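The questions below go through selected local features of a single model, and each answer works towards a value or a name.

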Amino acid sequence: MKIGIMGGTFDPIHIGHLLLGQFAYEDFGLDEIWYLPNGNPPHKQPKEGKEALMHRIEMVRLAIQDKPYFKLCLHEAKETEHSYTYKTLRELNQLYPDCEFYFILGADSLFEIENWKYFREIFPSCTILAAMRDDKNVEEMLKQISYLEEHYGAKVELLRAPLLEISSTAIRSRAFRNLSVYYLVPDTVAEYIQKNMLYQESQLP
Ligand code: ATP
Ligand code: MG
């Protein structure tokens, strides 16, 4: 089985994450896309509590529930532990030796990957599918892809999907200002944010 791995903080999950999963699924003939909310991302501060993690997981579940080939994977969802991609991919390869993994990420992550812990270990364990994001154009993407291939033997493919200028940060900011987040996230997620009053002042750390 060919499995797409979409890791993220998903605070909240938005249509950018879903579109990448959908295009990777179709364009690379993958069998499933696994969404992995990370418990305690090493690069994001401050550390959050169990409740916030529970909300992020629930929003992923709501967002993907109508697509049988999208799965929620809780492998990284440990509140007390940092999630590291090299470790996750190593463990997933051990747990599922018959699966081939495709790690999906956006341009910001592709350009930061050399700062990730033991990043060299990531390359033999998956094919990276990299989507454009923000101000990175195709030439810059292709240059970075060649660089990673030449220096580290990485396998990287460009994931061509419509550019969406959407981030969880901007969505949190809208919710905080009592603006709607409809059409940025699935309706079920927008309703969940509203109902639980997420990202309001009282919820900020
Ligand atoms: P935040 O603003 O909190 O950082 P985010 O929108 O960047 O949230 P993450 O959970 O950090 O979402 O991202 C998970 C992965 O999805 C990353 O690899 C990121 O590059 C990618 N991604 C997120 N949004 C987009 C987008 N609009 N276009 C392309 N890739 C995206
Ligand atoms: Mg991000």
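Q: Over the ring of which residue does the charged end of Lys117 sit?
A: In this predicted model, local features need pLDDT of at least 70, side-chain atom pairs count only at pLDDT 80 or more, and totals for chains, interfaces and linings use all residues. Side-chain values use heavy atoms, with hydrogens and water left out, while residues are numbered from 1 along each chain as its sequence is written. A charge sits over a ring if NZ of Lys or CZ of Arg is within 6 Å of the ring centre and within 35 degrees of the ring normal. The charged end of Lys117 lies 4.8 Å from the centre of the ring in question, which belongs to Tyr84.

Q: How are the planes of Phe119 and Tyr152 arranged, stacked or edge-to-face?
A: Rings of Phe, Tyr and Trp (its six-membered ring) pair if their centres lie within 6.5 Å, and planes under 30 degrees apart count as stacked, over 60 as edge-to-face and the rest as tilted. By this rule the count comes to 14 aromatic pairs. The ring centres of Phe119 and Tyr152 are 5.1 Å apart and their planes stand at 90°, so the pair is edge-to-face.

Q: How many residues apart in sequence are the parts that the pair of Phe119 and Tyr152 ties together?
A: Helices (H or I, at least four residues) and strands (E, at least two) are DSSP runs, numbered from the N terminus. Phe119 lies in the loop between α4 and β5, whereas Tyr152 belongs to helix α5 (residues 138–152), so the parts tied together are separated by 33 residues.

Q: Is Phe119 buried or exposed?
A: Buried means under 20% relative accessible area, exposed over 50%, and partly exposed in between (1.4 Å probe, protein chains only). Tyr152 has a relative accessible area of 21% and is therefore partly exposed. For Phe119 the relative accessible area is 8%, so this residue is buried.

Q: Which residue of β3 is the bridge partner of Ile33?
A: Two strands pair if DSSP finds at least two bridges between them. Strand β2 (residues 32–37) has 6 of its 6 residues buried, and 3 bridges join β2 to strand β3 (residues 70–72), the two running parallel. Within β3, the partner of Ile33 is Phe70.

Q: What is the value of omega for the peptide bond from Asp11 to Pro12?
A: Most peptide bonds are trans. Pro12 lies in the loop between β1 and α1. The bond from Asp11 to Pro12 is cis, with omega near 5°.

Technical notes: Chains lettered and ligands numbered in written order.
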